[in-house]
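Please report on how this chain is packed.

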Amino acid sequence: MSETADIYISISRKSPKPGKGAYIAVLEAETTSGQTGTLTIRKRLEDVTPHQLELHAIVDSLKRFRRTCRVNIHSDHGWFETIRKRGWFDTWQQAGWIVNGHMAAGADLYQQIYMLETVCLMEIGDIDKDLGSYSTWLGNEIENEKHIQTGRR
C-alpha cells in the first residue's frame, strides 16, 4: 500500500459529560492527478462526549476516501491514539466491544472504524496529536464553533 493520506481533527468539547459539540476534520491526500488535495468536514452533534466526537470525525473522514490507502490520524483530543497504543481497541474488538461487562460507550463507532479497516482495507498508520500546519487554523475554527454553541460571537 503506497498511497498515504492524513486526517487532521480538532474537537470543540473537552468536558467528559455529554453535550453539544463539533468537530472539524481536514483530509489531505494525493489526487489521481498527483496533486495534493484537501477536503474539510465540519459537523455539529448533540449529546456527545469528546471521545465520541473524535470517533465520529474518524468514521466520517475514513468514509470519504475512495481508494485504499494508509491513513495517518492527527487529533488534538488523543483518545483514539490512547486506545490503539494501549491495545484496547483490539482487545475490545475481540470481546465484541464489551468493556467491564458492558457494551463500550461508542461501540457502534468503534465497529465502523474496524469495518472500514478490514472490509475497505484502510490501513491506519501513525496516530498523534500533531496538527502540523493546520494547528492554528483548526484552533481558530474550533473557537468559533464554541462561540456558536454558546450563542456568543
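The largest nonpolar core has 35 residues, and Ile-7, Ile-73, Phe-80 and Tyr-110 have the most contacts inside it. A nonpolar core here is a set of buried Ala, Val, Leu, Ile, Met, Phe, Trp, Tyr and Cys residues joined through side-chain atoms within 4.5 Å. Buried means under 20% relative accessible area, exposed over 50%, and partly exposed in between (1.4 Å probe, protein chains only). Helix α1 (residues 50-62) gives the most to this core, with six residues. Apart from it lies another core, of seven residues, including Tyr-8, Ile-24, Leu-131 and Tyr-134. In soluble globular proteins, nonpolar side chains tend to be buried together.

The model is predicted: local features need pLDDT of at least 70 and side-chain atom pairs count only at pLDDT 80 or more, while totals for chains, interfaces and linings use all residues. Residues are numbered from 1 along each chain as its sequence is written, and side-chain values use heavy atoms, with hydrogens and water left out.

Helices (H or I, at least four residues) and strands (E, at least two) are DSSP runs, numbered from the N terminus. Seven of the eight residues of β1 are buried, so this strand is largely enclosed by the rest of the structure. The pairings of β1 are as follows.

Contact means heavy atoms within 4.5 Å. Leaving aside neighbours within four places in sequence, the contacts of Ile-7 include Val-26, Leu-27, Leu-62, Phe-65, Val-71 and Ile-73.

His-74 lies in strand β4 and, at 9% relative accessibility, counts as buried. The side chain of His-74 makes a polar contact with the side chain of Asp-6 at 2.8 Å. Such a contact is a pair of N or O atoms within 3.5 Å; within protein, one must be able to donate a hydrogen and the other to accept it, and residues adjacent in sequence count only if both atoms are side-chain atoms. Not counting residues up to four places away in sequence, His-74 also touches Asp-128, Asp-130 and Leu-131, among others.

The buried residues of helix α5 are Leu-138, Glu-141, Ile-142 and Glu-145. Seen down the axis of α5, they fall within an arc of 100 degrees (directions from the helix axis to the C-beta atoms), so they line one face of the helix. They pack against β1 (4-11), β2 (19-30) and β3 (36-48).
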